[in-house]
Amino acid sequence: MAKSLSIADISSQTRSHWRAYLEMTKPKVVALMLLTVLVGMCLALPGAVPLQPLLAGMLGIGMMAGAAAAMNHLIDRRIDGLMARTYNRPLPKGKVPVANAVVFAAVLAVAGFVLLYLLVNPLTAWLTLASLLGYAVVYTAYLKRATPQNIVIGGLAGAMPPLLGWTAVTNEFHGHGLLLVIIIFTWTPPHFWALAIHRRADYAKVDIPMLPVTHGVDFTKTCIFLYTLLLALACLLPVLVGMSGAVYLVGSTVLSLMFIYKAWQLKFHETPGMAMDVFRFSIYHLMLLFIVLLVDHYV
């Protein structure tokens with residue numbers, strides 16, 4: 001019996017150990033990002049996406065995105081331990097030693113880069129590396145602590161995935177791929193500022209100059225509302241250039257109006273917990289928007 005319990009304990013500890021490493025890669029964020037990569041791949045071609053760039057591209061980009069997330073955990077481990085939203089992450093809790101986390105992030109990054117370089121194309125490999133460095137180094141290590149416009153400037157790195165998908169199957173830049181980047185770039189500030197309003201006290205405690213901390217909650221609400229208007233215009237770009245048709249026009253318009261309405265409520269008729277409601281809705285907005293892009297492409 002004792003031996004059986006010991007084996008069960010070891011198995012449980014192993015599962016917990018690997019779950020900690022998986023958590024460091026921010027799998028839900030990476031999953032949403034990979035959806036935009038897939039849509040970028042599909043929109044780049046009139047027919048089916050070739051299997052090799054599809055599988056190798058998704059895997060390589062996902063690995064490097066996971067590496068960037070792990071680097072974010074490493075760089076932010078001190079402030080993560082002080083914030084209510086992040087204090088239970090693997091590094092502050094000691095579930096993963098720092099040295100192990102460094103090796104884990106490095107192996108993921110190198111393996112993802114090599115996979116993209118050899119099985120997809122060098123352009124996608126270098127662009128993905130630039131996105132990784134932009135998020136992990138430029139945003140997390142510098143911009144996040146330097147300016148309240150951190151998420152606006154740093155959001156470019158997080159907006160790159162659909163372009164990475166595009167280059168993975170075409171090996172070239174295209175203006176249509178950049179339009180998808182513009183959409184996510186414009187979506188990022190209202191998405192993250194809503195969370196920052198909800199966690200304003202946390203960010204103030206660790207001296208991170210998020211917009212609600214430096215300019216106040218009311219100003220941030222105004223910025224969120226204005227950005228949803230700008231986002232609605234950005235979402236029309238695929239239709240204006242003939243990249244998408246009526247299905248996307250209707251779907252994106254409905255989603256944009258819903259986001260604008262949510263932001264209007266937050267600004268002028270806020271109820272408790274509404275900032276988090278806006279944050280959660282923004283995730284569904286982006287997911288559904290890219291699904292509608294995909295449906296429109298194949299209808």
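## N171 and its loop

N171 is found in the loop between α8 (161-170) and α9. Helices here are DSSP runs of H or I with at least four residues, numbered from the N terminus. The phi of N171 is near 60 degrees, a positive value in a residue other than glycine. N171 is partly exposed, at 46% relative accessible area. That class lies between buried (under 20%) and exposed (over 50%), using a 1.4 Å probe and protein chains only.

This is a predicted model: local features need pLDDT of at least 70, side-chain atom pairs count only at pLDDT 80 or more, and totals for chains, interfaces and linings use all residues. Residues are numbered from 1 along each chain as its sequence is written, and side-chain values use heavy atoms, with hydrogens and water left out.

K26 sits in the loop between α1 (2-24) and α2 (27-44). Its phi is also positive, near 50 degrees. K26 is buried, with a relative accessible area of 18%. Most residues other than glycine have a negative phi.

R89 lies in the loop between α4 (77-80) and α5 (98-119). R89 is buried too, at 13%. Beyond its neighbours within four places in sequence, R89 is in contact (heavy atoms within 4.5 Å) with E23, K26, N72, H73 and D80.

## Helix α13

Helix α13 (residues 246-268) has 23 residues. From first C-alpha to last, α13 reaches 33 Å, close to the 33 Å expected at 1.5 Å a residue. That expected span is 1.5 Å times one less than the number of residues.

Buried residues of α13 include Y248, L255, F259 and L266. The buried residues of α13 pack against α9 (175-198), α12 (217-240) and α14 (274-298).

Definitions and conventions:
Helix = DSSP H or I, 4+ residues; strand = E, 2+ residues; numbered from the N terminus.
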